[in-house]
Amino acid sequence: MAAGGSSKSGYKLVVVESPTKAKTIRKFLGKDYVVESCMGHIRDLPQSSKDIPEKVKKEKWAQLGVNVEHNFEPLYCIPKNKTKVVKTLKDKLLEAQELYLATDEDREGESISWHLVEVLKPKVPTKRMVFNEITKDAIQKSLKETRQIDSNLVRAQEARRILDRLVGYTISPLLWKKIAYGLSAGRVQSVAVRLTAERELERLKFRKSQYSGATATLEKSGMSFEAKLQYVNNTRIATGRDFDPDTGNLLASQSVVMLDHAKAEEVLAKIKSAPFVVDEVEEKPISRKPAPPFITSSLQQEANRKLGMGARETMQVAQKLYEQGFITYMRTDSTFLSQEAITAARKWISQEYGGDYLPPQPRLYDAKKAKGAQEAHEAIRPSGATFVHPGETGLSGTQLKLYEMIWMRTVSSQMVDSRQKQVSVKIKSGDTLFSASGMTIEFPGFLRAYVEGQDDPEAELADKEVKLPALKKGDQPKALKLEVTDHETKPPARFTEASLVQKMEKEGIGRPSTYASIIGTIIDRGYVRKHGTALVPTFTALVVSKLLNKYLPEYVDLGFTSEMEQSLDHIADGDLDWLKFLKQLYQGPKGLKSLVEKQEENIDPEDARSIKFDQLPGVVFHVGKYGAYLTSKKDGDKINASIPDSEAPADMNSEKVDQLIEQKLHGQDSLGKDPETDKNVYVLSGRYGPYVQLGENDEEPKRVSIPAGQDPTQVDLKKALQLLELPKTLGKHPATGKDVKVGIGRFGPYVVCEKDYRSIPKGQSLFDLTFDQAMALLSAPKKGRGGRAAPLKVLGNHPALEEEIQLFNGPYGLYVKVGKTNASLPEGETADTITLEKAIELLNEKADLKKASPKARKKAAPKKKASPKKAEAAAPAQKESKKAVKLRKK
């Protein structure tokens with residue numbers, strides 16, 4: 001926790017959620033303020049039985065953490081990792097003359113402030129300060145316009161938390177008993193699982209259709225262009241939308257002609273010598289308006305499409321940008337821009353692009369929030385009265401990319417429309433009709449600053465244009481080439497994080513501030529896995545969704561879940577009694593508790609753990625202790641076969657089923673023998689994916705994973721032997737003389753030297769990796785647990801603690817570390833200028849001898865222990881403590 005401001009008593013204490021936010025706000029406050037971080041929520045419902053107080057452990061409702069027998073009173077506990085935080089805040093409050101609660105301006109932020117008051121029990125004036133951005137003007141304004149804690153927002157957040165606990169802790173045990181221990185259900189997460197599972201079943205039902213078309217490459221005035229066959233004998237040819245996805249047949253309602261490859265060739269043969277004559281030319285001016293500035297959901301979708309960032313990563317990066325003062329608050333449902341923001345954007349547009357790109361009047365976006373919105377009242381935009389250009393922020397990596405995207409989207413939202421000209425041409429040849437389309441950008445407008453789905457607007461403008469030569473009716477362009485094109489229909493696409501967020505937003509499921517955690521949860525709990533950008537549901541997701549759909553349909557129903565969200569919004573507005581709402585939902589003959597108890601008797605565990613597909617008769621898929629497996633009959637005998645985790649349910653077909661069964665019965669056919677050992681070489685599939693194996697199972701065979709993206713069916717003996725050479729020695733480390741090796745493991749390809757591992761970047765072939773490239777990877781800082789990098793440098797030993805002082809570059813900037821004590825470098829200090837003496841001084845200010853080594857503690861401990869009364873009267877943490885003075889002198 002960081003502290004800042006005056007060292008004298010009688011200061012004003014400001015509490016925020018994070019050290020980064022504290023550091024940024026501190027810059028805008030005077031010496032009379034001390035800013036402290038509470039590190040998020042300081043108390044919550046119990047997470048395990050260890051957290052439950054002894055006095056209530058025997059109560060029936062204790063495991064729920066909610067006293068359902070007494071007005072749904074929540075049982076709040078302070079987690080062990082927050083006890084020190086609470087103690088520090090209480091100590092700070094003893095010397096404070098005022099308390100300012102500066103948590104975020106949403107339900108959760110309001111709830112954190114309420115919990116702080118409940119725990120700290122301040123005896124000084126307490127004020128709630130709120131702001132939408134962390135700038136000097138915004139902070140100073142919020143100090144002048146403080147308010148009381150909004151009890152409606154607090155009650156709504158509390159009701160949401162209690163509701164989630166009741167649903168999760170009531171339904172999850174049912175899944176443990178009937179399917180598998182450790183599974184979880186949730187008010188919103190189970191609906192998200194249902195959406196992905198139903199899409200997978202749609203893909204399974206899908207029947208592929210194949211059809212053909214034709215293209216003509218034509219030329220006029222030295223410019224070639226492409227035209228597509230549309231009609232034959234005045235009948236439209238079939239395209240993908242004309243087929244039934246469940247049967248693969250043409251829809252009965254469509255009056256079209258389907259061409260296969262042979263028929264398409266016949267059509268082209270008939271017009272081989274016929275002229276192509278322009279029958280109709282239509283030009284139509286069109287304009288496009290810029291997209292509004294980002295709200296939470298659109299930011300998550302666009303970051304996923306453009307930057308490949310997941311919803312959780314997007315919100316984590318946006319949080320850092322907000323806390324550092326670069327953007328406004330990132331949880332919002334409103335596209336509204338303040339007058340300050342509009343002025344900043346228009347000023348930049350005028351200076352950079354000129355008056356032609358600036359509309360006469362500002363573009364005003366709806367100030368009203370979306371239905372059910374509970375968050376901040378302005379769009380996500382660069383903060384301040386002047387937008388800091390991305391190149392001048394000093395940001396890097398994902399923070400820079402996301403800030404640049406927010407910056408461009410905000411600026412473009414205040415620019416003029418783009419003007420385009422669309423040209424449609426119909427060309428006849430014999431009894432066929434072809435069409436060609438073109439589009440030219442007459443004036444780019446906002447596209448000059450921002451193109452949705454593209455990273456470089458300047459480079460992509462040209463790609464959006466499709467130019468045609470000047471054509472008029474009666475023209476006869478020359479045919480250069482006639483070609484048959486073959487097509488097949490595609491199954492419904494699996495959800496990506498972007499499309500799942502879009503679907504949940506459309507259906508009113510969850511709220512934008514929860515989308516990231518929902519998607520993160522269903523991935524972490526094993527309900528879906530990511531394959532590229534696609535969210536692929538597992539067999540576990542399918543059986544859980546089946547059980548809930550059959551026995552608790554309301555709790556995975558889109559409409560019911562949306563109604564619950566609206567009820568929570570009504571509580572936030574003060575229009576609905578939260579206690580009445582919870583009682584109606586949970587208690588009574590139709591309540592959740594009674595419903596689960598009743599349905600538990602009707603659920604057969606064996607049936608609950610399995611699922612059948614109509615497309616694969618005679619095959620049953622199960623979820624077991626060690627993963628998914630299938631059962632089928634072979635020659636009258638029942639056979640069980642494991643299904644690799646990498647297999648998607650919708651990709652299972654009769655061929656794959658037969659392959660898994662054959663592999664279980666007879667093992668895999670050998671690719672051949674290894675010439676050196678004369679042992680058989682196999683390609684096999686395990687729970688964690690395909691691999692090659694040298695030797696038989698009874699002789700501890702060598703196994704090597706097949707790299708991701710490599711089709712196992714394409715692995716021949718030569719390729720398998722190449723894989724079995726791994727790990728392969730590339731050379732000797734020049735400093736240690738030890739082997740530098742390249743290999744592949746469960747988590748991908750790597751280089752290693754003396755147990756020092758580095759991952760090989762995606763796109764780099766491990767077989768083509770040179771010794772110099774391997775050394776470059778080994779020389780780079782190693783990513784440790786939690787993503788922490790190796791130290792940039794070691795400054796020397798701390799004279800008292802006798803441990804190394806290391807310099808790190810963390811997510812919040814440079815800091816020094818000794819033992820478990822960290823200290824951020826002050827502004828202006830760099831990796832080149834920081835000295836050992838300065839580092840010792842910074843660490844001494846935050847030293848905690850209780851955490852020092854026994855030897856160091858013995859050397860540095862004071863001879864006399866301070867009395868409790870003197871300890872309570874100690875100066876605030878900003879002032880160097882007596883312990884720190886002794887440690888520095890030592």
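What share of the 890 residues in the chain is buried?

**View 1. The whole chain of a predicted model.** Buried residues make up 47% of the 890. Here, buried means under 20% relative accessible area and exposed means over 50%, with partly exposed in between (1.4 Å probe, protein chains only). The chain has 26 helices and 31 strands. These are DSSP runs, numbered from the N terminus: helices are H or I, at least four residues, and strands are E, at least two. Residues are numbered from 1 along each chain as its sequence is written. In this predicted model, local features need pLDDT of at least 70, side-chain atom pairs count only at pLDDT 80 or more, totals for chains, interfaces and linings use all residues, and side-chain values use heavy atoms, without hydrogens and water.

**View 2. The largest nonpolar core, with 147 residues.** Such a core joins buried Ala, Val, Leu, Ile, Met, Phe, Trp, Tyr and Cys residues through side-chain atoms within 4.5 Å. Ile327, Phe621 and Leu630 touch the most other members. Helix 5 (residues 151-178) gives the most to this core: 10 residues.

**View 3. The buried side of helix 17 (residues 578-586).** Trp578, Leu579, Phe581, Leu582, Leu585 and Tyr586 are buried. They sit on the same side of helix 17 because they cover an arc of only 160 degrees around the axis. That arc is taken from the directions from the helix axis to the C-beta atoms. Exposed Lys580 and Gln584 lie on the face turned away.

**View 4. The start of helix 17.** A side-chain oxygen of Asp577 comes within 3.2 Å of the backbone nitrogen of Leu579.

Key
Polar contact = N/O pair within 3.5 Å; in protein donor to acceptor, adjacent residues only side chain to side chain.
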